[in-house]
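Visitor: I'm new to this one and would like to learn how to read it. Could you take me through it a feature at a time?

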Amino acid sequence: MIFGRSERGKPPVEPVTLKILVAGGFGVGKTTLVGAVSEIKPLRTEEVLTEAGRPIDDTSGVEGKHTTTVAMDFGRITLREDLVLYLFGTPGQDRFWFLWDELATGSLGAVVLADTRRLEDCFAAVDYFERRSIPFVVGVNCFEGAARYPADDVRQALDLDPGVPVVLCDARDRETVKEVLIRVVQHAMAHAADRRQAVTT
């Protein structure tokens, strides 16, 4: 495909569009992940952290963070000519969780972004997707200076089902983020196939 047109002699391809959520705790790198991989300028709804929010917004471990997402981040990535992902980054603070149900409607699956320095911050996102049977992948954002742990150790600490993929990534790096998103699509397709098989047997 060249500049939106199909190659000569081939009919235009109408791509399948899939919706993926990017969730996790406050300051874990959701906005960075969407921005690193989006082929369009991401839509961001960030506001400056204020004194009023200081008692609520725990910035320990992310002291350099000065803004926060208050609605969502939005980006797009074309994985193949016939497959486009729309990425919706959720706000991380509890007070914005009322938006999650709206954002989750029609989603194929999700990335739960985790920071091993504050692993407990992603418990709520893991619980949210488990309760709604939305397939998800845990992406461990490997921050500089943070201890590195094997994926199985992270799985055990989060008490994940054995089938939930855990992938190490760098939310700033396009290639590692693409790998995480590909794993979400693969996991969601396998999840859907298992559910269909369960219905027919």
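Visitor: Let me start with a pairing: which residue in β4 is the bridge partner of threonine 17?

Guide: That's valine 84. Keep in mind that this is a predicted model. Further along, leucine 21 has phenylalanine 88 of β4 standing opposite. In total, 7 bridges join β1 (residues 16-24) to β4, and the two strands run parallel.

Visitor: With which other strand does β1 pair in the parallel sense, and over how many bridges?

Guide: That would be β5, with 5 bridges. Look for alanine 23, whose bridge partner in β5 is valine 112.

Visitor: How many residues of β1 and of β4 are buried?

Guide: The general idea for a strand is this: in a regular one, side chains alternate between the two faces of the sheet. In this structure, β1 has 7 of its 9 residues buried, and β4 (residues 83-89) has 6 of its 7. Both strands are described as mostly covered. For the protein as a whole, buried residues make up 42% of the 201 residues.

Visitor: Let's zoom out. In what order do the elements run from the N terminus on?

Guide: The order is β-α-β-β-β-α-β-α-β-α-β-α. That gives 5 helices and 7 strands. To see how the chain comes together, look at contacts between residues at least 6 apart in sequence: 72% of them join residues at least 24 apart.

Visitor: Now helices. Which residues of α1 are buried?

Guide: The general idea first: an α-helix has 3.6 residues a turn, so residues three or four places apart point the same way. In α1 (residues 30-37), the buried ones are Lys30, Thr31, Leu33, Val34 and Val37. They lie on the same side of α1 because they cover an arc of only 165° around the axis.

Visitor: And which residues are buried in α3?

Guide: In α3 (residues 123-131), they are Ala125, Val126, Tyr128 and Phe129. Their arc is only 160° around the axis, which puts them on the same side of α3. These buried residues pack against β1, α2 (100-104), β5 (109-114) and β6 (136-141). Just after α3, serine 133 takes a positive phi of about 55°.

Visitor: What about a loop residue: is threonine 90 buried or exposed?

Guide: Threonine 90 lies in the loop between β4 and α2, and its relative accessibility is 1%, so it counts as buried. Leaving aside neighbours within four places in sequence, threonine 90 is in contact with Val22, Ala23, Gly24, Lys30, Trp100 and Leu103.

Visitor: Which residues line the second largest cavity?

Guide: They are Gly25, Val28, Leu113, Ala114, Asp115, Arg118, Asp121 and Cys122. By class, that's 4 nonpolar, 1 polar and 3 charged, around about 30 Å³ of space.

Key: Residues are numbered from 1 along each chain as its sequence is written. This is a predicted model: local features need pLDDT of at least 70, side-chain atom pairs count only at pLDDT 80 or more; totals for chains, interfaces and linings use all residues. Side-chain values use heavy atoms; hydrogens and water are left out. Buried means under 20% relative accessible area, exposed over 50%, partly exposed in between (1.4 Å probe, protein chains only). Helices (H or I, at least four residues) and strands (E, at least two) are DSSP runs, numbered from the N terminus. The arc is that of the directions from the helix axis to the C-beta atoms. On a 1 Å grid over the protein atoms alone, a cavity is a set of points where a 1.4 Å probe fits but cannot get out, and a pocket is an open set with protein on both sides within 12 Å along at least five of seven lines; lining residues have an atom within 4 Å of a point. Grid points are joined across faces, edges and corners, and a volume is the space filled by probe spheres set on the points. Ala, Val, Leu, Ile, Met, Phe, Trp, Tyr, Cys and Pro count as nonpolar, Asp, Glu, Lys and Arg as charged, and the others, Gly among them, as polar. Two strands pair if DSSP finds at least two bridges between them. Contact means heavy atoms within 4.5 Å.
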